[in-house]
Amino acid sequence: MLRLRLLNTVAPAYFFTATAVTFALYFVFFIPTIFQPPGIMIHTIIFLYLMLNALGNYAMTIWFPSETVSDSTLPLCPVDCPDRVDAHYLRNDRHFCKLCKKVILKRDHHCFFTGNCIGNNNMRYFVMFCIYTSSTCLYSLVLGVAYLTVEYSISFENPLTFLTLLPISTGYFLIGVISGLQFFLVLMLYVWLGIGLVCAGFCCQQILLVARGRTWCHLRRGRVVVSHGMWRANLKDVFGSRWALGLFLPVLTVKDVIKHDDGNQGHKYD
């Protein structure tokens, strides 16, 4: 449990550090070197739009957690279960998260980057956060390649250049051939590529699970969930009726109080 709590603290710090570094590299190095007016304004708007949407959905994921009203519900399994089990399973598709210390409705997983659980109510914000984070990282990757081409005359015409760039740059940096800034930029290319691909893959997985009416918790327990609606109905249940607006802006959805089958009140966002 100590390792999980430590990861719950380190992961958000890593996210904000990478965000600040990306902002600094873009406005201090990329913009003045690569673009000329009016290209500076166009690419600045694109970058800020992607970044602000990523940060906006990140904030919405935290501000609107998927917790139920009946937080006093006791888990079915002992509280002192092994640390590898991060959640206790309850009835009516609810889970008690040991890290959040809350009962989560339709819990999918605990996200260490946001520091809270992802469930039915904030799944849409988490998916959009992954989409815009992936887009921002891949966009920054393209700009980073362009900067290295313009500033350091590194040619990426050969597909093998990117595969061998990091080990070659590491060796050159250790013997003092290239500067620390150039080596750091090369390292950031791989950071952006890794985060972008991971977020894109994770987003595709989450959308597929939502369309099937399932969660990651169901897969881990080997539980087969029979969806009572079509994939469009499942997506609408999570993303709401204003899903099209949510694709472009981290909007606040309308909250209605509904009754669950067990008599407890919950929240539905549409």
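Okay, let's start with what lines the second largest pocket: 19 nonpolar residues, seven polar ones and no charged ones. Here nonpolar covers Ala, Val, Leu, Ile, Met, Phe, Trp, Tyr, Cys and Pro, charged covers Asp, Glu, Lys and Arg, and polar is the others, Gly among them.

Before going on, this is a predicted model, where local features need pLDDT of at least 70, side-chain atom pairs count only at pLDDT 80 or more, and totals for chains, interfaces and linings use all residues. Residues are numbered from 1 along each chain as its sequence is written, and side-chain values use heavy atoms, with hydrogens and water left out.

Back to the pocket. By pocket I mean an open set of points on a 1 Å grid over the protein atoms alone, where a 1.4 Å probe fits, with protein on both sides within 12 Å along at least five of seven lines; a lining residue has an atom within 4 Å of a point. This one has a volume of about 470 Å³, that being the space filled by probe spheres set on the points. Its lining has 26 residues, and Phe 113, Phe 129, Thr 133, Ile 195 and Cys 199 are the ones nearest the centre.

Which helix gives the most to that lining? That's α5, with eight residues. Helices here are DSSP runs of H or I, at least four residues, and strands are runs of E, at least two. Among the others supplying at least two residues are α1 (2–34) and β4 (109–111).

Now α5 itself: it has 32 residues and reaches 46 Å from first C-alpha to last, close to the 46 Å expected at 1.5 Å a residue, counting one less than its number of residues. Just after α5, Gly 213 takes a positive phi of about 70°. An unreviewed UniProt entry lists residues 190–211 as one of its transmembrane regions, though such annotations may be inferred rather than shown by experiment. In the model that span is 100% helix.

How many disulfides are there? Zero, in a search of the whole structure, a disulfide being a pair of cysteine sulfurs within 2.5 Å. Cys 199 is buried at 14% relative accessibility, and Cys 117 is buried at 2%; buried means under 20%, with a 1.4 Å probe and protein chains only.

Methods. Buried means under 20% relative accessible area, exposed over 50%, partly exposed in between (1.4 Å probe, protein chains only).
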